[in-house]
Amino acid sequence: MLSKAVQNKLNDQIQKEAYASNAYLALATWAEGENLPNIAQYFYNSAEEERQHMLEIFKYINANGGTAHVEGKLGKVRDKFKTVLEAFQLVRDLEHGVTLSVNELATWCVQNGEHATYFFLQAFVLEQQDAERKVDEILTVIERMGYEPRNLFYLDKQFKKINEQAGTM
Ligand SMILES: [Fe+2]
């Protein structure tokens, strides 16, 4: 049975994962509007991943005698970007924010003797390391290929590969 304190912490993390999922959906809408279908697909996939993270925590709470919930208001997400670079800088900040909160939660679990939840969170800790590395790699690709209007067709095509690679991992 999960303590009330750990339930509250995990529920807070659920809101962050749900917010991240919404933030990616806003990015998908932006990319569709810019005629960047493969980049849009990358954001749809990311939105789905964040929703899966949210669900994992949700089910963990409910399966261990707690009560999981999603709040009605998750906060406004950004939906306007000047360039692809700016959009992915937001992704980097978003993922970094999630990393900090996952790490903080794991530290809290150790300090408060919540060892089972600490172990449960290990996958999330590693997942965030992966997410940050991935976005850094993408930022390098964007900087090297360029993101001026004339480069966007090729940059978007590059995301077809990135999406396929992610699908096979
Ligand atoms: Fe996540």
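Reader: Why is Asp-79 called partly exposed?

Author: Asp-79 has 13 other C-beta atoms within 10 Å. Buried takes 20 or more other C-beta atoms within 10 Å of a residue's own, exposed takes 12 or fewer, and partly exposed is in between, with C-beta atoms placed from the backbone. So Asp-79 counts as partly exposed. By the way, this is a predicted model, where local features need pLDDT of at least 70, side-chain atom pairs count only at pLDDT 80 or more, and totals for chains, interfaces and linings use all residues. Residues are numbered from 1 along each chain as its sequence is written.

Reader: What makes Tyr-42 buried?

Author: Tyr-42 has 24 other C-beta atoms within 10 Å, so it is buried. Its place is in helix H2; helices here are DSSP runs (H or I, at least four residues), numbered from the N terminus.

Reader: Which residues does Tyr-42 touch, not counting those up to four places away in sequence?

Author: Phe-159, Ile-162 and Asn-163. Touching, or contact, means C-beta atoms, placed from the backbone, within 7 Å.

Reader: And what is Asp-79 in contact with, leaving aside neighbours within four places in sequence?

Author: Ala-26, Thr-29 and Trp-30. Asp-79 and Trp-30 are 49 residues apart in sequence, yet 6.1 Å apart in space, C-alpha to C-alpha. Asp-79 itself is in the loop between helix H2 (37–63) and helix H3 (84–111).

Terms used. Helices (H or I, at least four residues) and strands (E, at least two) are DSSP runs, numbered from the N terminus. Two residues are in contact if their C-beta atoms, placed from the backbone, lie within 7 Å.
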